[in-house]
Amino acid sequence: MSTEEKIKLTTAIVGIAGLLFGIIQFIQVQSIAAARPYLEKKLDWCERAVETAAKIATVPEPAAEDLLQFWQLYWGVMGLIENEAVTQAMEDFGEALNTPALAPSRAKDAPDHQEARTGRSIALAHACRAELAAEWSTSWTRQ
């Protein structure tokens, strides 16, 4: 094979590699663009769930509208979007609200029960962050 043929072959290989790279990049960008509306809604719903849980967890006697919002998210959109870790965190927080020993209105030792709710609230936040990081950007994952 002559030098000229080697140059032509190398040029063809580089050209094909560039074309394939461009196609792969285009497909990746299109898949992210197609998923973006869903991911933005999911981010919004996760933020609402985490904020609501935090509001409930950080006061001795949560407002009825915050409890209602949590249960609406629990029985509604969160079931639509969440993975197993977020599902478990939502269930654990809901259990803290339903368990007589942990329920805000029936707590005998409010600080201990509030601490249980705050721990479950932060677990929900961490589960949501991990799920969103897996779908949006691994830079959200803490080392």
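View 1. At 12% relative accessibility, D66 counts as buried (under 20% relative accessible area; exposed is over 50%, partly exposed in between, with a 1.4 Å probe and protein chains only). A salt bridge here is a side-chain nitrogen of Lys or Arg within 4 Å of a carboxyl oxygen of Asp or Glu. This is a predicted model, where local features need pLDDT of at least 70 and side-chain atom pairs count only at pLDDT 80 or more, while totals for chains, interfaces and linings use all residues. Residues are numbered from 1 along each chain as its sequence is written, and side-chain values use heavy atoms, leaving out hydrogens and water.

**View 2. K42 and E131 pair up across two helices.** K42 sits in helix α1 and E131 in helix α5, so the pair ties together parts 89 residues apart in sequence (helices are DSSP runs of H or I, at least four residues, numbered from the N terminus). Both K42 and E131 are buried.

View 3. The N to O value is 2.9 Å. Being 4 residues apart in helix α1, the two are separated by about one helical turn. E40 is partly exposed at 39%, and R36 is too, at 41%.

**View 4. F93 belongs to the largest nonpolar core.** That core has 20 residues, and F93 is one of those with the most contacts inside it (a core is a set of buried Ala, Val, Leu, Ile, Met, Phe, Trp, Tyr and Cys residues joined through side-chain atoms within 4.5 Å). The largest share, 6 residues, comes from α1.
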